[in-house]
Amino acid sequence: SIVVLGGNGQEIANAIFKNLPIGTVTDGTEIYYVTDINGGQHEVRFSRPSFVHIKISMSLKALPNFPTSGKNQIKQAIVDWFNDLDVGEDIYYSRLFEPINSIQGFTVKNLKVAKLNGGVLGTDDITIKYNELATITPADILIGE
């Protein structure tokens with residue numbers, strides 16, 4: 001079962017077919033047909049990831065050198081960090097401090113994270129399945145003082 005983020009479906013199917021051992025069957029929700037060098041048609045299947053929306057709630061204590069746009073900078077740093085995640089990559093609570101601490105002039109008083117739909121905010125890691133991709137928007141990040 002192959003999960004692919006982005007790209008042209010037919011080009012992806014062609015690449016998959018070229019790299020599979022003869023007789024290998026693929027599984028997935030997207031179906032494409034590839035023609036071999038002898039003119040035979042072969043079905044190639046793969047899936048696209050499901051998005052898992054994440055929410056973050058944090059409070060901070062601003063220091064004298066905290067920029068006026070600091071909260072927005074923190075939100076953007078978190079969004080950028082999420083944009084670099086791979087399909088199936090878990091969200092480790094302690095790793096969230098990497099993008100947050102890239103902005104200077106504050107200390108974190110409280111940080112909680114959860115899945116957006118039905119998740120309870122806390123400090124637990126979030127498990128992402130092999131066919132899922134964690135995502136977040138600035139609106140899903142609440143920053144208080």
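1. Gln-73 is partly exposed, at 31% relative accessible area; buried means under 20%, exposed over 50% and partly exposed in between, computed with a 1.4 Å probe on protein chains only. Gln-73 belongs to helix H2. Helices (H or I, at least four residues) and strands (E, at least two) are DSSP runs, numbered from the N terminus.

2. This is a predicted model, in which local features need pLDDT of at least 70 and side-chain atom pairs count only at pLDDT 80 or more, while totals for chains, interfaces and linings use all residues. Residues are numbered from 1 along each chain as its sequence is written, and side-chain values use heavy atoms, with hydrogens and water left out.

3. Which residues does Gln-73 contact, leaving aside its neighbours within four places in sequence? They are Pro-67 and Ile-103, where contact means heavy atoms within 4.5 Å. Gln-73 and Asn-101 are 28 residues apart in sequence, and their C-alpha atoms are 11 Å apart in space.

4. Helix H2 covers residues 70-83, 14 residues in total. From its first C-alpha to its last it reaches 20 Å, close to the 20 Å expected at 1.5 Å a residue; the expected span is 1.5 Å times one less than the number of residues.

5. The buried residues of H2 are Gly-70, Ile-74, Lys-75, Ala-77, Ile-78, Val-79, Trp-81 and Phe-82. An α-helix has 3.6 residues a turn, so residues three or four places apart point the same way. The buried residues of H2 pack against strands S3 (50-62), S4 (106-115), S5 (132-135) and S6 (141-144), and against helix H3 (97-100).

6. The largest nonpolar core has 27 residues, and Ile-56, Ile-74, Phe-82 and Ile-91 touch the most other members. S3, H2, S4, S5 and S6 each supply at least two residues of this core. Another core, of 7 residues, lies apart from it and includes Ala-13, Ile-16, Val-34 and Val-44. A nonpolar core is a set of buried Ala, Val, Leu, Ile, Met, Phe, Trp, Tyr and Cys residues joined through side-chain atoms within 4.5 Å.

7. Ile-56 stands opposite Ile-141 in S6. Leaving aside neighbours within four places in sequence, the contacts of Ile-56 include Ile-78, Phe-82, Leu-111, Val-113 and Ile-141. S3 and S6 pair in the parallel sense over 4 bridges; two strands pair if DSSP finds at least two bridges between them.

8. Thr-135, in strand S5, counts as buried at 18% relative accessibility. Beyond its neighbours within four places in sequence, Thr-135 is in contact with Phe-51, Val-52, His-53, Ile-54 and Phe-82.

9. There are 4 aromatic pairs in the structure. Rings of Phe, Tyr and Trp (its six-membered ring) pair if their centres lie within 6.5 Å; planes under 30 degrees apart count as stacked, over 60 as edge-to-face and the rest as tilted. Why is the pair of Tyr-32 and Phe-46 stacked? The ring centres are 5.6 Å apart and the planes are at 5 degrees, so the pair is stacked. Tyr-32 lies in strand S1 (residues 30-35) and Phe-46 in strand S2 (residues 41-46), so the pair ties together parts 14 residues apart in sequence. Phe-46 is buried at 0% relative accessible area, whereas Tyr-32 is partly exposed at 22%.
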